Amino acid sequence: MIVTGDVLARAAELREQLRGHDYRYYVLDAPEIPDAEYDRLFQELQALEAAHSELVTPDSPTQRVGGRPLAGFTPVRHRSPMLSIHTETDTRPDGAQAFDAQIRRELGLNDEAAPVEYACELKFDGLAISLRYEHGLLTQAATRGDGETGEDVTQNVRTLKTVPLRLQGSTPEVLEVRGEAYMSHADFERYNARQRTAGLPTLVNPRNGAAGAIRQLDPAQAAKRPLSFFAYGLGEVQGWELPETHSALLDALAGFGLPVCGHRVVAQGAAGLIAFHHAVAAKRDALPFDIDGVVYKVNRLDWQRQLGFRTREPRWAVAHKFPAQEQLTVVEAIEVQVGRTGAITPVARLKPVFVGGVTVTNATLHNADEVARKDVRVGDTVIVRRAGDVIPEVVSVVLERRPAGLHPFAMPEQCPMCGSQILRPAGEAVARCMGGLYCRAQRKEAIRHFASRRALDIEGLGDKLVEQLVDREQVRSPADLYALDASMLSGLERMGGKSAENLVRALERSKTTTLERFLYALGIREVGETTARTLAAHFGALEPLLRADEARLQQISDIGPVAAAAIRAFFQEPHNRDVIASLQAAGVQWPETVVKPVAELPLAGKTIVLTGTLDSLSRDQAADRLRALGAKVAGSVSKKTDYVVAGRDAGSKLDKAHQLGIPVLDEAGLLALLDHSA
């Protein structure tokens, strides 16, 4: 049947009307028409699309629930890491003073300087989600995962009525929106009431309901759990000049039709943070959804960029938790757990108790200082709390109920998993296993990090594969990766012959690397990309670094006593030295360099910005080569920028370079610069 112009126009009009009514109903909570009228418009659009299938568009309101059930979720590598915010478990509101003091110190602000301006928000208790819009159209939704790789949950997120399938107004070329999927109290109660009526299982709490819905393989089933969404930040952006502040950024997202929580303020200094904490705590129980605290963010985006990140957390933000529910129970044993980063955590095994919606049998004791301060002993009656409604912890001991003859807890001297030495670095509260590359408890994290994009960049070695390799004892350290062959890999789940061969080739490619990437890949505490680059530039080779003591390390710019102690402790552990030797024996290599002062390098003093896609080398490779020649590779364009290198699909950085009159190099110009400067 031929689609006439009138039919096309009517379908477009209905889609636009329904999108507007969805926004007013689900986001603004201000419907303009009765439900019956909405249903009539919806059914009219359905009838038109049924008669003319070519009218169906991906952003049509009729397409929110659709698609076949999935066999599994596809991994999604975040183009911009999806980091988590550092969380302070101290629930006193005046804890904000320490954060403000830290920010002022790192920004170099003296006592006479004006108060720092902060964007204050709620800390939602749901599931972190990233939404990718291209030219205004929702193209992908993904979970956080490990921060670098999540899961594709687009079909399920399309069922959320608060998530627009198409943005409003003039939109960026690419806009990745970070936010939280959650279930409101009212929707949680309504869902459970329906389940009880049908004789089906109910949800324990809204957070589990949200996580379970997003990770449901059948989108039709996911749609049965009514979820909502709040936007609170950004990932990758192309073709959009960002506002100057985080609060203005959220206003802009709301202007695109995205739901942004209204319970947010801009506060001045520590006093403003404390006032916000008090105000939210007073109305917490009246909110229509669960929160487990508040979030403070430096409002100025240029200051956020200046402050940067520590490992996997931004320095410019902190989450401040609220007190949680508490119950009494008995400590039946105290054991220690070895975390993925080697942290040794005492854990109380408890007589089961129901707290905050779940039955709790274990609770963290945090560290040896906390155990001593609280004087927790096996046999004690304790107050247990689900801190932040997620991690149970022992709050205090009820001393009047202590039986006679109980002995204090003593931290073991050797790791219970690998036998490596347990050390507590000076000035730190947490004791750690020093067998990072060898310890069984740390294997998965060590190997994930080793293979990550900014480390040895082993393409195809995802989380699920790492889990299988470690669980099957095929990989006990990163060095074992290089003993894998296609026949061994093809026997793993979801690993065909071609994928196995591709991974073997990726492993072979990764053997040729740089010293700074190798040092970063080792996962040494306090050694991020910048510190690894500094160490590589200073020593030029691995052997002198292995011999360096703490005093020598502290002579290097930007390496203080904490980092020096962590580096020295890592290289002193025999297990780590053995793994490094095994990696070199397997063929992992890098060019050793003659160390020159930065001032003598050909591009010293030059600031260069990369944008767009390069054909002959990746952005990371280009940045590595530029830094090796002394250049500073910056993330944003300013008047101090010397060159902007523009590849294919360059975005707003190229536009700003033209506005400021900054020289622009294409890929050929970059290669010529590199060759001329080498």
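**Note on the predicted model: sheets, rings and contacts**

1. Five strands make up an open sheet of mixed pairing, in the order β2-β13-β10-β3-β9. Its edge strands are β2 (87-88) and β9 (265-268), and each of them pairs on one side only. Strands are DSSP runs of E with at least two residues, helices are runs of H or I with at least four, and both are numbered from the N terminus. Two strands pair if DSSP finds at least two bridges between them.

2. On the basis of the note: this is a predicted model, in which local features need pLDDT of at least 70 and side-chain atom pairs count only at pLDDT 80 or more, while totals for chains, interfaces and linings use all residues. Residues are numbered from 1 along each chain as its sequence is written, and side-chain values use heavy atoms, with hydrogens and water left out.

3. Inside the sheet, look at β3 (residues 117-124) and β10. They pair in the antiparallel sense over seven bridges. Glu 121 has Val 295 in β10 as its bridge partner. In a regular strand the side chains alternate between the two faces of the sheet.

4. Helix α9 lies across β3, β9, β10 and β13 (317-321). Its direction is at about 140 degrees to β9. Axes are lines fitted to C-alpha atoms, for helices over the stretch in contact; angles run from 0 to 180 degrees between N-to-C directions. Contact means heavy atoms within 4.5 Å.

5. A hairpin comes next. Strand β4 (residues 127-134) pairs with strand β5 (residues 137-143) in the antiparallel sense, over six bridges. Two residues lie between the strands. In the turn, His 135 has a positive phi of about 50 degrees. Glu 134 stands opposite Leu 137 in β5.

6. Now the aromatic rings. There are 12 aromatic pairs. The rings of Phe, Tyr and Trp (its six-membered ring) pair if their centres lie within 6.5 Å; planes under 30 degrees apart are stacked, over 60 edge-to-face, and the rest tilted. Phe 230 and Phe 289 are edge-to-face, because their ring centres are 5.5 Å apart and their planes stand at 75 degrees. Phe 230 is in strand β8 (residues 228-238) and Phe 289 in the loop between α9 (269-283) and β10 (291-298), so the pair ties together parts 59 residues apart in sequence.

7. Buried means under 20% relative accessible area, exposed over 50%, and partly exposed in between (1.4 Å probe, protein chains only).

8. Arg 300 lies over the face of Trp 303, 4.0 Å from the ring centre. The rule asks for NZ of Lys or CZ of Arg within 6 Å of the ring centre and within 35 degrees of the ring normal.

9. Helices α20 (residues 561-572) and α21 (residues 574-585) have axes that come within 5 Å and cross at roughly 75 degrees. That makes α20 roughly perpendicular to α21 (65 to 115 degrees; under 35 is roughly parallel, over 145 roughly antiparallel, the rest oblique). The contact involves Phe 570, Phe 571 and Gln 572 of α20 and Pro 574, Asn 576, Arg 577 and Ile 580 of α21.

10. Last, Thr 611 sits in strand β21 (residues 607-611). Thr 611 is buried, at 7% relative accessibility. Leaving out residues up to four places away in sequence, its contacts include Arg 619, Val 644 and Leu 654.
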